[in-house]
Amino acid sequence: MSDVALTAGATIASARMALARCFAAAALESPELDARGLVGHSLGREPAGIVSQASRQLSTTECAAIAQLAQRRLAREPVARIVGVKEFWGLPFRLNAETLVPRPETETVVEAALTARGPPLGPRRQSPLRIADLGTGSGALLAALLSECPAATGIGTDVSTIAVACARRNMRALELGQRAAFTVCDYGAALKGPFDLLVSNPPYVRRSDIPTLQPEVRLFEPARALDGGVDGLHGYRAIAADARRLLAPDGLIVVELGAGQANAVTSLFLDAGLAVGCPHSDLSAVARALPARPMP
């Protein structure tokens, strides 16, 4: 792992370029973006601020702080973990050790829910819908949907009290706290229906595959948010078992899928009495979100 050496008198621009070179040499995926984010975070400035002050010289203390953050990134700690916040659906979400970093592909779940034909959304988006997010983590899915459905209320569940505390804080910060509640339980075990919409991003990595994940995921994400059991389907079985009990007759459930899991999850949902729709693909053309409804 290369050291990042910055000396007093370096400018904001030269520090950013030095970080980007180190990150590129370490084969990190987005060296320029990571460098800009970490320099800005260290100085307490937005990206536009470091551009407008690119020629400002840094103090010894500022150089040391930037170098410290750079070393953490070179150790493969994700930028979102370092800065403690990640954007999802245009909203900022604070993180903690028990919450998964929200990822762009998970936005496919929100898109699938909002664009589903028929109830409960479509023309009813302004109605007082009841939404549940099973395994809520930072609360990202629930908050995104509440931001799009102004009369809806929702509840998020998680087995981690620390994750639930994080989700509550995020809802308050986003001014959605009056419409969101949280409870500590396994998926929908403690909930009573009917809900118009259920969403979930359950752990779906096969246990034997966890050692093969990128270091940013394997080393820094909470293990419980990754481990989907021997076949990666443990969470889907639990969700399917409760879906009909929790859903309104015209309700909708949308779950995130791991790559290649569409057929297996479809079979589980069909066996549980759910009529399954076509999977929605993410920007990488991976079948990422599966919608389903209760069979009549």
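Helix α1 is followed by Ala27, a residue whose phi is positive, near 65°; helices here are DSSP runs of H or I with at least four residues, numbered from the N terminus. The model is a predicted one, in which local features need pLDDT of at least 70 and side-chain atom pairs count only at pLDDT 80 or more, while totals for chains, interfaces and linings use all residues. Residues are numbered from 1 along each chain as its sequence is written, and side-chain values use heavy atoms, with hydrogens and water left out.

The axes of α1 (residues 12–25) and α4 (residues 60–74) come within 11 Å and cross at roughly 20°, the axes being lines fitted to C-alpha atoms over the stretch in contact, with angles that run from 0 to 180 degrees between N-to-C directions. The two helices are therefore roughly parallel to each other, a term that covers angles under 35 degrees. The crossing of α1 and α4 is right-handed, meaning that the near helix is turned clockwise from the far one by less than a right angle. On the α1 side the contact is made by Ala15, Leu19, Cys22 and Phe23, and on the α4 side by Ile66, Ala70, Arg73 and Leu74. By class, these residues divide into seven nonpolar, no polar and one charged, with Ala, Val, Leu, Ile, Met, Phe, Trp, Tyr, Cys and Pro counted as nonpolar, Asp, Glu, Lys and Arg as charged, and the others, Gly among them, as polar.

Another helix pair is formed by α10 (residues 234–246) and α11 (residues 262–271), whose axes come within 9 Å and cross at roughly 25°, which makes α10 roughly parallel to α11. This crossing is right-handed, and its contact joins Tyr236, Arg237 and Ala240 of α10 with Val265, Leu268 and Phe269 of α11.

Elsewhere, Thr108 lies in helix α6 (residues 107–115) and counts as buried because its relative accessibility is 4%. Leaving aside residues up to four places away in sequence, Thr108 touches His280, Ser281, Asp282, Arg288 and Ala289.

Notes. Angles under 35 degrees count as roughly parallel, over 145 as roughly antiparallel, 65 to 115 as roughly perpendicular and the rest as oblique. Contact means heavy atoms within 4.5 Å. Buried means under 20% relative accessible area, exposed over 50%, partly exposed in between (1.4 Å probe, protein chains only).
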